[in-house]
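This report describes one protein chain for a reader who is new to reading structures. Look at the sequence and the model first, then read on.

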Amino acid sequence: MSLLRLQQSYLESLEELSHLQVLMETISLRRTKDNGLIVPLKTIENYYVEFSKEELQLYNIMEEKAKHVFQDYVDSECDLSKLEAVIITLLQLRQLCIDLGLCASNIKSKLLDENIEVA
């Protein structure tokens, strides 16, 4: 009896999958190089930023955090659930380089915890 239920659920899931595939074909557009997609050449620009004393302190704190987060990711044998934390930390470091105003309030509160003055 359970084998019959398993077979029936498998057939139902195949039906649902085919419905999903039809739906995706109608709403999505797949582009390949053969479709004449013109992609601009990759350009890399380096910007060198000079931090104030306070910004440098915060960046150093965040850099240490990033090292720990990345080490946790490596220690977990590159567990994809921890990859999000790595990417978020890298984004926070980049935001610090651009402007402290881009950073979330939890980073600013870290400044207050470390007694770093925020403008």
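Where is the place of Thr89? Thr89 sits in helix 3. The model is a predicted one, and the text below starts from this residue and then widens to the whole protein.

**Thr89 and its contacts**

Thr89 has a relative accessible area of 4%. It counts as buried because this value is under the 20% cut-off. Leaving aside residues up to four places away in sequence, Thr89 touches Met62, Lys65, Ala66 and Val69.

**Helix 2**

Helix 2 covers residues 53–75, 23 residues in all. From its first C-alpha to its last it reaches 33 Å, close to the 33 Å expected at 1.5 Å a residue. Its buried residues are Leu58, Tyr59, Met62, Ala66, Val69 and Tyr73. Helix 2 is followed by Glu77, which has a positive phi, near 60°.

**The largest nonpolar core**

Which residues make up the largest nonpolar core? There are eight: Leu58, Tyr59, Met62, Ala66, Leu93, Leu96, Leu100 and Cys103. At least two residues of this core come from helix 2, and at least two from helix 3 (80–98). Helix 2 gives the largest share, four residues. In soluble globular proteins, nonpolar side chains tend to be buried together. Leu96, a member of the core, touches Phe51, Leu58, Tyr59, Met62 and Cys103, again without counting residues up to four places away in sequence.

**A nonpolar patch on the surface**

Nonpolar residues are also found on the surface: Leu14, Leu17, Leu20, Leu23, Met24 and Ile27 form a patch there. Together they have about 540 Å² of accessible area. Leu14 lies in helix 1 (residues 2–27). Its relative accessibility is 37%, so Leu14 counts as partly exposed.

The two residues with a stated accessibility can be set side by side.

| Residue | Relative accessibility | Class |
|---|---|---|
| Thr89 | 4% | buried |
| Leu14 | 37% | partly exposed |

**The whole protein**

The protein has four helices and zero strands, and along the sequence the pattern reads α-α-α-α. Of its 119 residues, 14% are buried. The accessible surface comes to about 10600 Å², and carbon and sulfur atoms account for 56% of that surface. Among contacts between residues at least 6 apart in sequence, 54% join residues at least 24 apart.

Terms used:
Residues are numbered from 1 along each chain as its sequence is written. This is a predicted model: local features need pLDDT of at least 70, side-chain atom pairs count only at pLDDT 80 or more; totals for chains, interfaces and linings use all residues. Side-chain values use heavy atoms; hydrogens and water are left out. The expected span of a helix is 1.5 Å times one less than its number of residues. Buried means under 20% relative accessible area, exposed over 50%, partly exposed in between (1.4 Å probe, protein chains only). A nonpolar core is a set of buried Ala, Val, Leu, Ile, Met, Phe, Trp, Tyr and Cys residues joined through side-chain atoms within 4.5 Å. Contact means heavy atoms within 4.5 Å. Accessible areas come from the Shrake-Rupley method with a 1.4 Å probe; for residues, only the protein chains shown count as cover. Patches are made of residues with over 30% relative accessible area and no salt bridge: like charges are joined within 9 Å, nonpolar side chains (Val, Leu, Ile, Met, Phe, Trp, Tyr) within 5 Å. A salt bridge is a side-chain nitrogen of Lys or Arg within 4 Å of a carboxyl oxygen of Asp or Glu.
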